[in-house]
Amino acid sequence: MLLAIDCGNTNTVFSIWDGSEFIATWRTATDWKRTADQYYVWLSTLMKLQDIDAQITDMIISSTVPRVVWNLRVLADRYFSTRPLVVGKPECILPVDVRVDAGTAVGPDRLVNTVAGYDLYGGDLIVVDFGTATTFDVVAADGAYVGGVIAPGVNLSLEALHNAAAALPHIDISQPTCVVGTNTVACMQSGVFWGYIGLVREICARIKAERGRDMRVISTGGLAPLFQQAEALFDEYQDDLTMHGLTVIHKYNKELATQ
């Protein structure tokens with residue numbers, strides 16, 4: 001069985017893939033100081049609680065936090081006797097090309113989303129990921145990653161408002177009942193919510209115009225459904241897009257190894 005790990009700036013997701021479906025998924029806060037032993041105690045406890053007897057034979061990691069990778073490698077070696085594939089490292093071969101400026105380091109999460117999007121929907125895609133940052137990844141007709149856009153994430157923007165302006169409270173994002181707010185919370189919610197609606201629509205429109213073709217817009221990330229409810233921004237939503245991409249990359253590398 002495959003243990004797929006997606007380590008983001010805020011949260012890290014662990015999923016067990018049995019070859020046909022994910023049989024379990026868990027989430028924890030990203031912390032580079034967490035040791036391999038702590039990871040294993042946490043994982044084994046959750047598996048026991050859910051009565052999951054999974055014999056992990058393979059592991060793949062996508063991490064936007066490089067300092068976390070070392071302890072995840074130790075976890076793989078010490079407790080699962082396997083060497084993990086790490087997206088972005090030379091030994092991990094992608095099934096798609098990456099066509100960006102020479103010397104540019106592309107975030108592994110963006111590469112994984114590109115692979116997943118192309119596998120599920122084909123080329124000419126814009127993949128919008130609502131994470132710590134809101135990213136737009138452009139997938140060419142042949143599946144290649146050809147660049148994108150990075151904007152502050154929704155929660156990051158809310159946190160910046162709260163931290164920079166003493167009078168503004170910390171709030172959660174939700175769709176406001178009116179555009180014009182009549183109290184501080186409603187004003188902040190409207191600014192962030194409708195601001196991101198406009199941001200997504202405008203950036204996607206400009207990408208399509210620049211590329212000179214129609215493109216499908218795929219969204220992922222927990223806040224994507226919230227924005228889709230208000231406006232038809234996306235053609236498809238995939239909550240496990242990154243995890244799907246990790247299984248595709250792992251399968252591709254396993255097949256290469258047997259050739």
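This is a predicted model: local features need pLDDT of at least 70, side-chain atom pairs count only at pLDDT 80 or more; totals for chains, interfaces and linings use all residues.
Local features were considered only at pLDDT of at least 70 and side-chain atom pairs only at pLDDT 80 or more, whereas totals for chains, interfaces and linings use all residues. Residues are numbered from 1 along each chain as its sequence is written, and side-chain values use heavy atoms, with hydrogens and water left out.

The largest pocket has a volume of about 1000 Å³. A pocket is here an open set of points, on a 1 Å grid over the protein atoms alone, where a 1.4 Å probe fits, with protein on both sides within 12 Å along at least five of seven lines; lining residues have an atom within 4 Å of a point. Volume is the space filled by probe spheres set on the points, which are joined across faces, edges and corners. Of the 41 lining residues, D6, D129, F130, G131 and T132 are the closest to the centre of this pocket. Strand β8 (residues 145-152) gives the most to the lining, with four residues; strands (E, at least two residues) and helices (H or I, at least four) are DSSP runs numbered from the N terminus. The lining comprises 15 nonpolar, 19 polar and seven charged residues, where Ala, Val, Leu, Ile, Met, Phe, Trp, Tyr, Cys and Pro count as nonpolar, Asp, Glu, Lys and Arg as charged, and the others, Gly among them, as polar.

The second largest pocket has a volume of about 360 Å³. Its lining consists of 18 residues, with V87, G88, K89, V106 and P108 nearest the centre. Two or more lining residues come from each of α2 (66-80) and α3 (108-121), and the largest share, three residues, is that of α2. By class, 11 residues of this lining are nonpolar, four polar and three charged.

Helix α5 (residues 184-211) has 28 residues and should span 40 Å at 1.5 Å a residue, which agrees with the 40 Å between its end C-alpha atoms; the expected span is 1.5 Å times one less than the number of residues. At the N-terminal end, N183 caps α5, with a side-chain oxygen 3.2 Å from the backbone nitrogen of V185. The helix is followed by G212, whose phi is positive, near 70 degrees.

T82 lies in the loop between α2 and β5 (85-86). This residue counts as buried because its relative accessibility is 13%. Beyond its neighbours within four places in sequence, T82 is in contact (heavy atoms within 4.5 Å) with T57, D58, M59, A76 and D77.

Terms used. A polar contact is a pair of N or O atoms within 3.5 Å; within protein, one must be able to donate a hydrogen and the other to accept it, and residues adjacent in sequence count only if both atoms are side-chain atoms. Buried means under 20% relative accessible area, exposed over 50%, partly exposed in between (1.4 Å probe, protein chains only).
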